Amino acid sequence: MALIAPSILSADFSKLREEVEMINSSNADWFHVDVMDGVFVPNISFGFPVIKQVKKYAKKPLDVHLMIVQPERYVQEFKDAGADILTVHLEASPHLDRTLQLIKAAGMQAGVAINPHTAINQLEDIITDIDLVCLMSVNPGFGGQKFIPGTFSKLEKLRKLIDSTGSKARIEIDGGVGSGNAAELIKAGADVLVAGNFVFSSANPVETIALLKKI
Ligand code: DX5
Ligand code: ZN
């Protein structure tokens, strides 16, 4: 059974507390929290004040996905804001090994995200040091985009890499996930499914989360 991580990027921010309580009351496992800086990706989302408010009411771990350049500058601040898992982009951190060490030293689980064009073999030298790989199945920057089918061959390669190295990293699929592809993704070895638009645009998000969880 995969973990389900609704992305609050698609939530209604005018009633953020209700949205947090909705996730608390659902079968979801984590809160997926997308931070965008307008530099690494062509969009700006939200920062520390919003994450702190989510943390105040969240009863599940915060899975924070940083789409920002030089994420190493803010590791402690994200810890202080309430991140439990902190994921940085391989493409945004030239000293990735050092960044991952900083994340772990701050007491968080460490994740690495890769864009659709980034090859799985670039993860080889760090795969046994991390807790999560966030495999982007859309180009990061926006919720509600279409799933990129090439993700499946990358997922297969990543599953093999993790299993053959004894890495404990979970595979998270992020972007365009819904009931149309969730079963196939889980079958191919996904451990965590992020879902933003699919959950929040549905008539009954709690039921939609339950539906994903049952797959
Ligand atoms: C995209 C974000 C995703 C996004 C997923 O840049 O990293 O987490 O919110 O949203 P959906 O499920 O709507 O594609
Ligand atoms: Zn994300």
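A residue counts as near a molecule if one of its heavy atoms lies within 4 Å of it. In this predicted model, 20 residues surround ligand 1. The closest of them are Asp34, Gly141, Gly144, Asp174 and Gly196.

**Ligand site**

Ligand 1 sits in the largest pocket. By class, its shell is made up of eight nonpolar, 10 polar and two charged residues. At least two shell residues come from each of strand 2 (31–36), strand 3 (62–67) and strand 8 (192–195). Strand 2 provides the largest share, with three residues.

Polar contacts to oxygen atoms of ligand 1 include the following.

| Residue | Part of the residue | Distance to an oxygen atom of ligand 1 |
|---|---|---|
| His32 | N or O atom in the side chain | 3.3 Å |
| Gly144 | polar backbone atom | 2.7 Å |
| Asp174 | polar side-chain atom | 2.6 Å |

Taken alone, ligand 1 exposes 380 Å², and 99% of that area is buried by the protein.

**Aromatic pairs**

The count of aromatic pairs comes to four. One of them joins Phe13 and Phe46, whose ring centres are 5.6 Å apart. The planes of these two rings meet at 45°, so the pair is classed as tilted; planes under 30 degrees apart would count as stacked and those over 60 as edge-to-face. The pair links distant parts of the chain, its two residues being 33 residues apart. Phe13 belongs to the loop between strand 1 (3–6) and helix 1 (16–25), whereas Phe46 lies in the loop between strand 2 and helix 2 (48–57).

Conventions
Residues numbered from 1 in each chain as written. Chains lettered and ligands numbered in written order. Predicted model: local features only at pLDDT ≥ 70, side-chain atom pairs only at ≥ 80, totals over all residues. Heavy atoms only, no water. Polar contact = N/O pair within 3.5 Å; in protein donor to acceptor, adjacent residues only side chain to side chain. Areas by Shrake-Rupley, 256 points an atom, 1.4 Å probe, with all protein chains shown as cover. 1 Å grid on protein atoms, 1.4 Å probe; cavity = no way out; pocket = protein on both sides within 12 Å on 5 of 7 lines; lining within 4 Å. Sits in = over half its atoms within 2 Å of the grid points. Helix = DSSP H or I, 4+ residues; strand = E, 2+ residues; numbered from the N terminus. Nonpolar A, V, L, I, M, F, W, Y, C, P; charged D, E, K, R; others polar. Phe/Tyr/Trp six-rings, centres within 6.5 Å; stacked < 30°, edge-to-face > 60°.
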